[in-house]
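Keep it brisk and group the points by topic.

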Amino acid sequence: MSTYRNLGLFLALSALWGSAFAAIKAGLSAFPPVLFAALRYDVAGVVMLGYAALRADSPYPRGRDEWATVAVGAALLIAAYHAFLFVGEQGTTSAAAAVIVSLSPVLTTVFARGLLPDERLSAVGVAGIVLGLVGVAAVAQPDPATLLSSETLPQLLVFAAALSFALGSVLTTYVDAGVEIETMEAWSMLGGAGLMHLVSLGLGESFAAITWSPTALWSLAYLSVGSSAVGFLVYFDLLERLGPVEINLVSYVAPLFAAVTGFLFLEEVVDAWTAAGFCCIFLGFALIKRQALRREIPRLRTALSGREERR
């Protein structure tokens, strides 16, 4: 059983995060988008705080730098990312949104090049970034004459979500306060939920606009407990076992689950442009991380087969 444990967890995490896009799409028929995202992290934040209290040495951030890390996580990794994503998914398919979001590791490299002095980007890396952007263009198919039209704007909002997540990932590394990841995630979730409630109020959203139904309840429960709370617990376990380079590969398996669940539950069809965009983004990531992948993939095979000792 231990032989397939890591592989099972990897696929489970990909399924939890990939199917989240279909759950978001389903729930948007019942919830105002930003309020929906805020409620998701009200629940997930409380669950993660309980986990941090059990596992972290300090379930509360200490000092200005640790709170600064939490603030970045709350503002960019939770609030901005999910507000843009939930609003954008109103006008795009689950698979298309997942493919655009999979650009995040590529965009992270762009921001890291500017903010982290140890990061270097070769000509091949630049080609990888360009290829990733071509992939997004293939999914969005923007028309310069109608760039902000109702057809293109949703994809641009999802792209803004990917930008927010990438920038937040780099800034939390840049601050490097040493806050434990469980503590940072818990307080970022709660802080991000609070920020989204403020944005929701500013947009005029209200609880009265919620259409309570079985679909509303299961989508909120699945996103809060399944994709967020359970998903991050699996993520922490795999991060310890496999490392950050391998975890990035989840971003490229998740869109496959998004496409399947979107088709099965929402009757969404993946068009050729979305598939082509996914291939471009994945190839861009492979070019940027080619050296790390060359080093780590053999170890990943060993870890997934259960032969590597746990760190």
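Axes are lines fitted to C-alpha atoms, for helices over the stretch in contact, and angles run from 0 to 180 degrees between N-to-C directions. Helices (H or I, at least four residues) are DSSP runs, numbered from the N terminus. This is a predicted model, where local features need pLDDT of at least 70, side-chain atom pairs count only at pLDDT 80 or more, and totals for chains, interfaces and linings use all residues. Residues are numbered from 1 along each chain as its sequence is written, and side-chain values use heavy atoms, with hydrogens and water left out.

**Helices α4 and α12**
- The axes of α4 (residues 94-101) and α12 (residues 272-288) come within 9 Å and cross at roughly 15°.
- That angle makes α4 roughly parallel to α12, because angles under 35 degrees count as roughly parallel, over 145 as roughly antiparallel, 65 to 115 as roughly perpendicular and the rest as oblique.
- α4 passes α12 in a left-handed crossing (left-handed if the near helix is turned anticlockwise from the far one by less than a right angle, right-handed if clockwise).
- Ala-95, Ala-96 and Val-99 in α4 meet Thr-274, Gly-277, Phe-278 and Ile-281 in α12 (contact means heavy atoms within 4.5 Å).

**Helix α3 and its partners**
- The axes of α3 (residues 63-88) and α8 (residues 181-202) come within 7 Å, crossing at roughly 55°.
- So α3 is oblique to α8.
- The crossing of α3 past α8 is right-handed.
- Residues of α3, including Trp-67, Gly-73 and Ala-74, meet residues of α8, including Trp-187, Gly-191 and Gly-192.
- The axes of α2 (residues 33-55) and α3 come within 8 Å and cross at roughly 135°.
- Therefore α2 is oblique to α3.
- α2 also passes α3 in a right-handed crossing.
- Pro-33, Val-34, Phe-36, Ala-37, Arg-40 and Tyr-41 in α2 meet Ile-78, His-82, Ala-83, Phe-86 and Val-87 in α3.
- Ile-78, His-82 and Ala-83 of α3 are also among the residues that meet α8.

**Helix α11**
- Val-253 is found in α11.
- The C-alpha atoms of Val-253 and Leu-11 are separated by 8.0 Å, though the two are 242 residues apart along the chain.
- Val-253 touches Phe-10 and Ser-14, not counting residues up to four places away in sequence.
- Phe-263 also lies in α11, which spans residues 250-266.

Definitions and conventions:
Helices (H or I, at least four residues) and strands (E, at least two) are DSSP runs, numbered from the N terminus.
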